[in-house]
Amino acid sequence: MLSQLNIAFSPFHKERPWRNALLIFLLTTLFYFIGAMLRLVEELSLFWPLNAVMAGIFARYTWLNRLHNYAICYVAMLVYDALTTTWGATSLVINLSNMVFILTVAQLIVREKRRPEKRTLPVSALRIFNYCLLGALGCALVGAFASVGIDNLTFWPLFADWFSEQFSTGVLILPCVLTLTWPRWVAPFRVEHLLPIAALVVSITASVAIGGAGSLLFPLPALIWCAVRYSLLTTAFLTFLTGALEIILVANGTINIFVASPLQMPRMFSVRLGIATMAICPLIVCVSVNAINTLMKQVSLRADFDFLTRVYSRSGLYEALGRDRATGARHLSVMLLDIDYFKTINDSFGHECGDRVLTTFAQQVQQVVGDRGIVARMGGEEFAVVATTEDARQGFMLAESIRRAVEAHPFRWRQQTLFLTVSIGLSSGTTHSWELTERFNKLLAEADEYLYRSKKEGRNRTSAHESQEPAESLPTNNSDPGTENA
């Protein structure tokens, strides 16, 4: 997923067009300078970051896609050439080729982001690969045509060099620009976190020591390891560093890949295409891993929470208990709640009303319990509350608070008022973290027995062991739920 941009990291501002124009001019000049400093005679430019960086900026900030902003970018290129070269009119066409790449890639990504069915989805790594391919083809056609005659080079060698350079730098740099955020480390640092980077350094060192065209692929396993262990931004940045470093090492002869080519293409052509192909692999892996992790989180969320009432499901309750890391002994109060005469509500007012009753009831219980415990829907109209209390009497008082809150808040349904009540079974006991789930099951079974007693003795009451049940706890109203015209 290559559109994980953080709005907080934004040097551009939608409401400041003059500042945006100045930044576009300065960034264009800066990256033109970087590319010019790496310029070679045979390959024209060893590494040309300008086009990929600017295409990424225009794609990331869609509101920058205005004709005058593209014109400022183009003018900045012409000004730099006018001050540093003697190309004259040739500069107009050469820099036009740069704009072809920038416009093509930026517009394709913006178009992808604006499609209604794709509006909430990020641009995939594979599409970035394809867009860079198209942008590089267009750029190479215009650039090679304009460069014919410079240093006595012919069209096809120039085309090969332009295409391979634009394609490789686009694949390496665009993911970094599209995912750039402020750095942060959310997990505790461990030495083993550096193992994928260490493997990457070792593999590049092996490429230098062994040589040959195949040595360029030595870092691929380490990059895939990085994709599995690190974030998308980190993976994109490490891939960019690896690819750029290999291009420089090959150009300087540090990595020796001399192999006869039947097409008589410049040696950098093969190198760049191979590195671009390598670079996209860990990004695709990282995108896939992120997508799987996101899907698993969504599935886990749906499994742990009841979709209707937004409280824990039965399985989610057990997961929450399993994650509990509290130490030492503590007193646990387990309540089983059942809405009185809920079937009558469903039969009289319909299942839509019944669903609204369940949702409102769960919210009322959650509000009373607060951070003292957790609420879960066990099935149908039956809910459970697990709370840490000082003693059994405090647990009973919490149960009574829930019962009175439900009784005191009639439910409104269209033009009817429904008076709801709840029967509660309560069980309490001391437990340790290592036996929490087992102890909970026993308390839940006891609470179920006390819930049955509450129903048998007239409903709208809390039942517990005699030692936990104060004499003044009996309710004053045990009638069936009635309705009253609003």
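**View 1. Contacts of I57 in the predicted model.** Not counting residues up to four places away in sequence, I57 touches F12, L27, L64 and V177, where contact means heavy atoms within 4.5 Å. This is a predicted model, in which local features need pLDDT of at least 70 and side-chain atom pairs count only at pLDDT 80 or more, while totals for chains, interfaces and linings use all residues. Residues are numbered from 1 along each chain as its sequence is written, and side-chain values use heavy atoms, with hydrogens and water left out.

**View 2. The nonpolar cores.** A nonpolar core is a set of buried Ala, Val, Leu, Ile, Met, Phe, Trp, Tyr and Cys residues joined through side-chain atoms within 4.5 Å; buried means under 20% relative accessible area, exposed over 50%, and partly exposed in between, with a 1.4 Å probe and protein chains only. The largest such core has 69 residues, of which M54, I57, F58 and I102 touch the most other members. Helix 6 (residues 155–179) gives the most to this core, with eleven residues. Apart from it lies another core of 32 residues, among them L358, I402, L420 and I424.

View 3. Helices (H or I, at least four residues) and strands (E, at least two) are DSSP runs numbered from the N terminus, and two strands pair if DSSP finds at least two bridges between them. The open sheet shown here has five strands in the order 2-3-1-6-7, with mixed pairing. Its edge strands, strand 2 (373–379) and strand 7 (462–463), each pair on one side only. Strand 1 and strand 3 (residues 382–389) run antiparallel and are joined by eight bridges, and H331 stands opposite T389 in strand 3.

**View 4. Helices against the sheet.** Angles run from 0 to 180 degrees between N-to-C directions, the axes being lines fitted to C-alpha atoms, for helices over the stretch in contact. Helix 11 (residues 314–323) lies across strand 2 and strand 3, running at about 150° to strand 2. Helix 15 (residues 436–456) packs on the sheet and touches strand 1, strand 2, strand 3, strand 6 (422–431) and strand 7, its direction making about 150° with that of strand 6.

**View 5. Surroundings of V334.** V334, found in strand 1 (residues 330–339), is buried, with a relative accessible area of 0%. Leaving aside neighbours within four places in sequence, V334 is in contact with V385, G425, L426, S427, F440, L443, L444 and A447. Of these, L426 is 92 residues from V334 in sequence, yet the two are 5.8 Å apart in space, C-alpha to C-alpha.
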